[in-house]
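Good morning, and thank you for coming. Please look at the sequence and the structure on the screen while I take you through them.

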Amino acid sequence: MTFYRCADLRLSDVKFINSPKTHVLIQACKRISIANLHISSPKDSPNTDGIHIESSQHVDVRATVIGAGDDCISIGDRTSDVNISRITCGPGHGISVGSLGKGGANVAVEHIRVSYVSFNGTTNGARIKTWQGATGYARKISFEHLNFTSVENPIIINQYYCEFTTCRNQTMGVKISNVSYIEAFGTSITPVAVSLLCSETVSCTDIQFDTINLTSSVRGLATTARCINAHGRVKGIIQPHLPCLL
């Protein structure tokens, strides 16, 4: 179901099953309210995002259950003022800001708030992903009150996103700044629970962590963090430790 150039739209109490691609697409819209949806498709179904929001402003998504073969909710280019809350996500690829900047596009994404989300067996949790060679910015993004159960990459920033296994490293990149992770708890099925892979030339700045406890779902295995050119600060109890955060 696609909504294009809509304003003052309310979508609620609808069930979507096995869409061939994205279940709900919001494009070039303003003042959108989405609530109480139930979205379901198999975890191995390709490109079946639950909700994709692109080129839109003032969007509220709440109280929704999503199981999909791609992102539960994804945020595309030229999007601002999005509030996502009380979401159950799984299976799927998590909640993603991105991918942003395909084909070297200029990105302008800001004021994205994600809170009270449960991730169950997803490949990613709270994710920001940008294409190599893109420009512009993604800023003022917050992830708060998150719960992870056996997630592969609970917290991840990936600025090396591309279509192939091996890609040529490019110097330009989206400027990611003012991103906060507050009160995130749960388990990771991989050792690296926090991965901040920022551009080597355009650093991520003002990345804030406050009260994070991500342990391994495998008994006796410790969790770790990995960073490339990520700058920020920590507050409260942080697990895994973030010595790689500059």
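This is a predicted model: local features need pLDDT of at least 70, side-chain atom pairs count only at pLDDT 80 or more; totals for chains, interfaces and linings use all residues.

**The parallel sheet**

Let us begin with an open sheet of nine strands, in the order β1-β4-β7-β9-β11-β13-β15-β17-β19, with parallel pairing. Its edge strands, each pairing on one side only, are β1 (2–4) and β19 (224–228). On average, neighbouring strands of this sheet are turned by 15° against each other, direction ignored. For such angles, axes are lines fitted to C-alpha atoms, for helices over the stretch in contact, and the angles run from 0 to 180 degrees between N-to-C directions. As for the terms, helices (H or I, at least four residues) and strands (E, at least two) are DSSP runs, numbered from the N terminus. Two strands pair if DSSP finds at least two bridges between them.

Residues are numbered from 1 along each chain as its sequence is written, and side-chain values use heavy atoms, with hydrogens and water left out.

**The cysteines**

I turn now to the cysteines. A disulfide is a covalent bond between the sulfur atoms of two cysteines. Here the term is applied to a pair of cysteine sulfur atoms within 2.5 Å. How many disulfides does this rule give? The count comes to three.

One of them joins Cys72 and Cys89, whose sulfur atoms are 2.1 Å apart. This disulfide is right-handed, because the torsion about its S-S bond is about 85°. Cys72 lies in the loop between β8 and β9 (73–75) and Cys89 in strand β10 (residues 80–89), so to speak of distant parts of the chain is to speak of residues 17 apart. Cys72 is buried, with a relative accessible area of 0%, and Cys89 also counts as buried at 0%. In these descriptions, buried means under 20% relative accessible area, exposed over 50%, and partly exposed in between, computed with a 1.4 Å probe and protein chains only.

Another disulfide is formed by Cys198 and Cys204, with 2.0 Å between their sulfur atoms. With -110° about the S-S bond, this link is left-handed. Cys198 is buried at 0% relative accessibility, and Cys204 is buried at 0% as well.

There is also a disulfide between Cys227 and Cys244, with sulfur atoms 2.1 Å apart. This pair links distant parts of the chain, 17 residues apart: Cys227 is in strand β19, and Cys244 is in the segment after β20. Cys227 counts as buried at 16% relative accessibility, whereas Cys244 is partly exposed at 22%.

Cys6 is partly exposed, with a relative accessible area of 23%, while Cys29 is buried at 0%.

Leaving aside neighbours within four places in sequence, Ser55 is in contact (heavy atoms within 4.5 Å) with Ala28, Cys29, Asp77, Arg78 and Thr79. Ser55 is buried, with a relative accessible area of 17%.

**The aromatic rings**

Finally, the rings. Rings of Phe, Tyr and Trp (its six-membered ring) pair if their centres lie within 6.5 Å; planes under 30 degrees apart count as stacked, over 60 as edge-to-face and the rest as tilted. A search of the whole structure finds four aromatic pairs. In one of them, Trp131 and Tyr161 have ring centres 5.0 Å apart and planes at 80°, so the pair is edge-to-face. Trp131 belongs to strand β13 (residues 124–131) and Tyr161 to strand β15 (residues 153–161), 30 residues apart. Trp131 is buried at 12% relative accessibility, whereas Tyr161 is partly exposed at 26%.

Phe143 and Tyr181 form a stacked pair, because their planes are at 5°, with the ring centres 5.4 Å apart. Both residues are buried, and together with Phe209 they form one aromatic cluster.
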